[in-house]
Amino acid sequence: MRVLMVEDDLRVASALGAALRRRGYTVIPATTVAEAATAGPVDLVLLDLNLPDRDGLELCRQIRRENEDVAIIAVTARSEERDRVAGLRAGADDYVVKPFSMAELQARIEAVLRRTARAARAETALEVGDLRVDLNARRVWLSGREVSLTRKEFDLLMALARQAGTVVSRERLLMDIWQTTWKAGHTLDVHVAALRGKLADAGLVETVRGVGYRLRPS
């Protein structure tokens, strides 16, 4: 479980990071919005709202626009009701006010992850233009023609279809599908080329040079 911890108070970050690592989480620390933007794919974001370079609510909205599935918990000293409402409306799944106990935060993390896991299981099919992806049967049709894909090709198409029209970074695809970003770039390129060939539409999976890939929405 990869956790992005966005916290500019070094004392809090040190204690919280140590507690999370003892519980088995891989912690990616960031003290600014700029650092958070380079974190790569994660499963959970613990987000302070009082950051030195930008308001944490802006970062929350940005993360949610880019990834509908990642769990976000605002962890902040802002305790007013209007602040909690603003955080939840910005895309946070939960809101924890400082100071808090680690037991409470752990319980909230588990609850949020259970909800996001249930939502993922409830999703059964994706439709993007003439493309239909059956997530349960792991079958794909394009313009009514069934397309036979390998397991990794299907996982790649599913990752792109879930965010059709949005660029999915190479790092996130490698982490989500191969659980690594180490020397696997060529593997990704080979699978993209194979997927394009099987879809018989070279422009359906678009390359965004230097960033990643995007599934054309129509």
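**Overall fold**

I counted secondary structure in this predicted model and got 8 helices and 12 strands in the protein chain. Helices (H or I, at least four residues) and strands (E, at least two) are DSSP runs, numbered from the N terminus. Next I looked up the radius of gyration: it is 19 Å for the protein chain, close to the 17 Å from the globule rule for 218 residues, so the chain is as compact as a globular protein of that length. For my notes, that radius is taken over C-alpha atoms, and the globule rule is 2.2 Å times the number of residues to the power 0.38. The C-alpha trace spans about 55 × 35 × 30 Å along its principal axes.

Ground rules, before I forget: residues are numbered from 1 along each chain as its sequence is written, and side-chain values use heavy atoms, with hydrogens and water left out. As the model is predicted, local features need pLDDT of at least 70 and side-chain atom pairs count only at pLDDT 80 or more, while totals for chains, interfaces and linings use all residues.

Buried is under 20% relative accessible area, exposed is over 50%, and partly exposed is in between (1.4 Å probe, protein chains only). Of the contacts with a separation of 6 or more, 53% come from residues 24 or more positions apart; contact means heavy atoms within 4.5 Å.

The accessible surface came out at about 11,400 Å², with 49% of it belonging to carbon and sulfur atoms. Those areas are from the Shrake-Rupley method with a 1.4 Å probe, and for residues only the protein chains shown count as cover.

I also looked at charge: the mean positions of the 34 positive and 31 negative charges are 3 Å apart. Lys and Arg count as positive, Asp and Glu as negative, and His and the chain ends are not counted. Each charge is placed at NZ of Lys, CZ of Arg, CG of Asp or CD of Glu.

**The annotated stretch and Asp48**

UniProt (unreviewed entry) lists residues 2-113 as "domain: Response regulatory". I ran that stretch and got 44% helix and 21% strand, with the end C-alpha atoms 12 Å apart. UniProt positions are in the numbering used here, feature names are shortened, and annotations may be inferred rather than shown by experiment.

The unreviewed UniProt entry also puts "modified residue: 4-aspartylphosphate" on Asp48. I found Asp48 in the loop between strand S3 (44-47) and helix H3 (56-66). Is Asp48 buried or exposed? Asp48 is buried, at 3% relative accessible area. Leaving aside neighbours within four places in sequence, Asp48 touches Val6, Glu7, Asp8, Gly56, Val75, Thr76 and Lys98.

Pro99 lies in the loop between strand S5 (94-97) and helix H5 (102-122).

**Around H3**

Asp55 lies in the S3-H3 loop too, and at 27% relative accessibility Asp55 is partly exposed. Beyond its neighbours within four places in sequence, Asp55 contacts Leu49 and Arg78.

Arg65 is in helix H3 and, at 60% relative accessibility, exposed. Arg65 to Ala200 is 30 Å, C-alpha to C-alpha, across 135 residues of sequence.

How many residues of helix H6 (151-161) are buried? I get 10 of its 11, so H6 is mostly covered. Among them are Phe154, Leu156, Leu157 and Met158, and also Lys152, Glu153 and Asp155.

Gln163 lies in the loop between H6 and strand S10 (168-169). Gln163 is buried, at 11% relative accessibility. Setting aside neighbours within four places in sequence, Gln163 contacts Glu66, Asn67, Val168 and Arg172.

**Positive phi**

Arg138 has phi near 55°, positive in a residue other than glycine. Arg138 is in the loop between strand S7 (131-134) and strand S8 (139-142), and is partly exposed at 37% relative accessible area.

Ser143 also has a positive phi, about 55°, although it is not a glycine. I place Ser143 in the loop between S8 and strand S9 (145-147), where Ser143 is exposed at 56% relative accessibility.
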